[in-house]
Amino acid sequence: MKKKIAIAALTLAILPAAAQETYENAKIAWGDLNGTARYVGMGGAMEALGADISTIGTNPAGIGLFRKSQANLSLGLVSQQDGQAFGGGHTTNMSFDQLGFVVATRSNSTSFLNFGFNYHKSRNFNYILSAADRLQNASQMKLTYAKAKNELLYEGNGTPNFNHSYATCNQLDDLYARNILYDGAENTWYYENADSYNFDRRHWGYIADYDFNISGNINNRVYLGLTIGVEDVHYKHYSEYTEQFSANSPIRIADDRHISGSGANLKLGVIFRPVETSPFRIGLAVTTPTWYDLTTSNYTTASDAGGTADASDSYEFKLYTPWRFGLSLGHTIGNYLALGASYEYTDYGSLDSRYKTGERYDWWYDDYYSQSESDDVMNRHTGETLKGVSTLKLGAEFKAAPEVAVRFGYNYVSPMYKKDGFKDGTLDSDASYYSSATDYTNWEAIHRITCGLGIQLDKVNLSAAYQYSMQNGSFEPFMSYYDNQDAADDNIANIVKVNNKRHQFLLTATYTF
């Protein structure tokens with residue numbers, strides 16, 4: 001997908017409902033490696049091994065391998081490497097990561113029926129992104145100017161029509177156009193190329209998963225599980241983008257955005273032993289889309305030496321995540337070695353961004369439910385920007401003594417973003433109208449290295465884990481483009497390399513009863 005586009009006239013009017021654009025949706029759609037210390041210490045490769053409560057969300061059949069009831073509590077510490085404090089945020093934060101229990105009931109001498117509940121933090125948004133670079137023949141306001149200069153945005157007497165749909169296609173464009181770009185005395189549009197920019201954004205919040213499970217086994221040979229998942233989203237970010245100019249005062253854009261809401265999904269899993277006399281196990285799992293109902297709101301300001309202007313909005317939308325499919329292998333040798341491997345696939349290019357179209361009354365249930373439609377334009381952009389992701393998990397647990405276990409793991413997640421993807425602010429989509437930021441980052445693959453230690457003390461097990469996560473990315477402050485009509489209006493920003501390197505320390509206390 002080439003970033004060569006012609007800035008055309010925008011002729012759509014405001015819609016009463018909105019969806020959300022691709023890069024904001026991507027933040028909600030995927031998750032971290034998190035759970036119990038045992039699960040994390042083995043790189044998450046426990047889907048076929050089972051008997052760990054964290055498998056409730058990846059292969060529900062893993063809960064069917066429990067022979068005794070159990071309760072778990074996990075607390076952690078997450079630290080961002082190379083980060084700088086900004087916006088009241090810090091690079092190191094405490095985290096309440098997991099709380100759950102399993103009740104195991106024997107149905108006969110070789111079969112069990114188990115019930116489980118687990119809370120875990122599937123996404124920890126705490127992260128501070130910083131980038132800076134020089135600019136040449138480019139600026140954020142120039143992107144707005146390229147749209148605003150189209151003569152169709154003028155009245156017959158040559159003055160701009162601020163009630164035109166252009167003024168609402170992007171909140172940031174509106175701030176620039178009304179307060180910075182247009183010179184009423186001269187009746188002309190104005191922009192200036194910047195010398196450099198500085199960008200900082202603090203992300204914080206979490207996605208909490210609440211999983212309810214029923215599972216069991218048949219003659220210790222086949223294990224089946226079903227999990228109903230409810231997800232609770234709390235995402236916030238605050239950013240400051242400043243452009244420096246050689247002749248005029250800097251322009252600063254501050255953006256404060258909140259996303260909250262909930263979603264639901266179903267997870268199905270099976271584990272079976274192909275050979276009755278062998279502990280080797282194969283696991284299969286599938287997770288439906290998470291059907292999210294979300295609300296987003298923002299408060300955005302543009303300021304220079306002349307003063308400050310602001311814009312804000314809030315709206316509801318829906319987001320349906322992709323299906324997830326998993327295959328796993330597990331094997332134990334005696335009572336001293338466990339080996340696990342898992343593979344998962346999710347096509348993030350099929351994310352479904354939706355806008356609400358109204359409500360309908362259900363006479364049977366005496367209740368109202370919301371109707372929605374896919375934002376086809378934004379979804380096409382998503383398909384051109386995001387792609388299918390493969391996750392590989394490898395893990396091992398070695399018992400140096402009956403009471404002491406040592407764990408190691410590796411977790412790899414292939415890139416979600418296509419290299420030539422970009423945030424297209426000219427899309428004919430209501431999701432673009434309410435956008436309040438122009439920056440985007442194309443993140444590359446994630447590499448996670450893990451290790452852990454477990455100590456059994458009668459009915460209490462204490463486990464610790466360490467995870468090092470590394471991901472590189474390419475940051476751009478705004479959409480670069482080549483104007484097909486006037487080369488002087490080309491607006492090109494260099495790619496700035498950024499990274500997200502995190503250390504996680506996790507402690508889990510488990511009580512067996």
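The lining of the second largest pocket comprises four nonpolar, three polar and seven charged residues; Ala, Val, Leu, Ile, Met, Phe, Trp, Tyr, Cys and Pro count as nonpolar, Asp, Glu, Lys and Arg as charged, and the others, Gly among them, as polar. The model is predicted, so local features need pLDDT of at least 70 and side-chain atom pairs count only at pLDDT 80 or more, while totals for chains, interfaces and linings use all residues. Residues are numbered from 1 along each chain as its sequence is written, and side-chain values use heavy atoms, with hydrogens and water left out.

**Pockets**

- The second largest pocket has a volume of about 200 Å³, a volume being the space filled by probe spheres set on grid points that are joined across faces, edges and corners.
- A pocket is an open set of points on a 1 Å grid over the protein atoms alone, with protein on both sides within 12 Å along at least five of seven lines, and its lining residues have an atom within 4 Å of a point.
- Of the 14 residues that line the second largest pocket, Lys418, Lys419, Asn442, Glu444 and Ser474 lie nearest its centre.
- Two or more lining residues of this pocket come from each of β19 and β20, and β19 gives the most, with three residues; strands (E, at least two residues) and helices (H or I, at least four) are DSSP runs numbered from the N terminus.
- The largest pocket holds about 1000 Å³ of space.
- The largest pocket is lined by 38 residues, and Arg38, Ala51, Gln70, Lys399 and Gln456 are the closest to its centre.
- Among the elements that give two or more residues to the lining of the largest pocket are β1 (70-81), β19 (440-457), β20 (460-476) and β21 (496-512).
- By class, 13 nonpolar, 14 polar and 11 charged residues make up the lining of the largest pocket.

**Lys497, a residue of β21**

- Lys497 is found in strand β21 and is exposed, with a relative accessible area of 60%; exposed means over 50%, buried under 20% and partly exposed in between, with a 1.4 Å probe and protein chains only.
- Leaving aside residues up to four places away in sequence, Lys497 touches Glu444, Gly473 and Ser474, where contact means heavy atoms within 4.5 Å.
- The side chains of Lys497 and Ser474 make a polar contact at 3.0 Å.
- A polar contact is a pair of N or O atoms within 3.5 Å; within protein, one must be able to donate a hydrogen and the other to accept it, and residues adjacent in sequence count only if both atoms are side-chain atoms.
- Lys497 and Phe475 are 22 residues apart in sequence, and their C-alpha atoms are 6.2 Å apart in space.

- The structure holds seven cavities of 30 Å³ or more, a cavity being a set of grid points where a 1.4 Å probe fits but cannot get out.
- The second largest cavity contains about 130 Å³ of space.
- Its lining has 17 residues, and Asn170, Lys423, Asp424, Gly425 and Ala437 lie nearest the centre.
- Helices α3 (140-148) and α6 (376-385) each supply at least two residues of this lining.
- Lys423 is placed in the loop between β18 (404-413) and α7 (430-433), and Lys423 is buried, with a relative accessible area of 9%.
- A polar atom of the Lys423 side chain lies 3.4 Å from the backbone oxygen of Ala437.
- Not counting residues up to four places away in sequence, the residues that Lys423 touches include Glu21, Tyr23, His381 and Met479.

- Helix α1 (residues 22-29) is largely enclosed by the rest of the structure, because eight of its eight residues are buried.
- At the start of α1, a side-chain oxygen of Glu21 comes to within 3.0 Å of the backbone nitrogen of Tyr23.
- The largest nonpolar core has 63 residues, of which Ile28, Leu135, Tyr176, Met416 and Phe475 touch the most other members; such a core is a set of buried Ala, Val, Leu, Ile, Met, Phe, Trp, Tyr and Cys residues joined through side-chain atoms within 4.5 Å.
- Helix α5 (residues 171-181) gives the most to this core, with six residues.
- A second, separate core of six residues includes Leu33, Met42, Met46 and Leu49.
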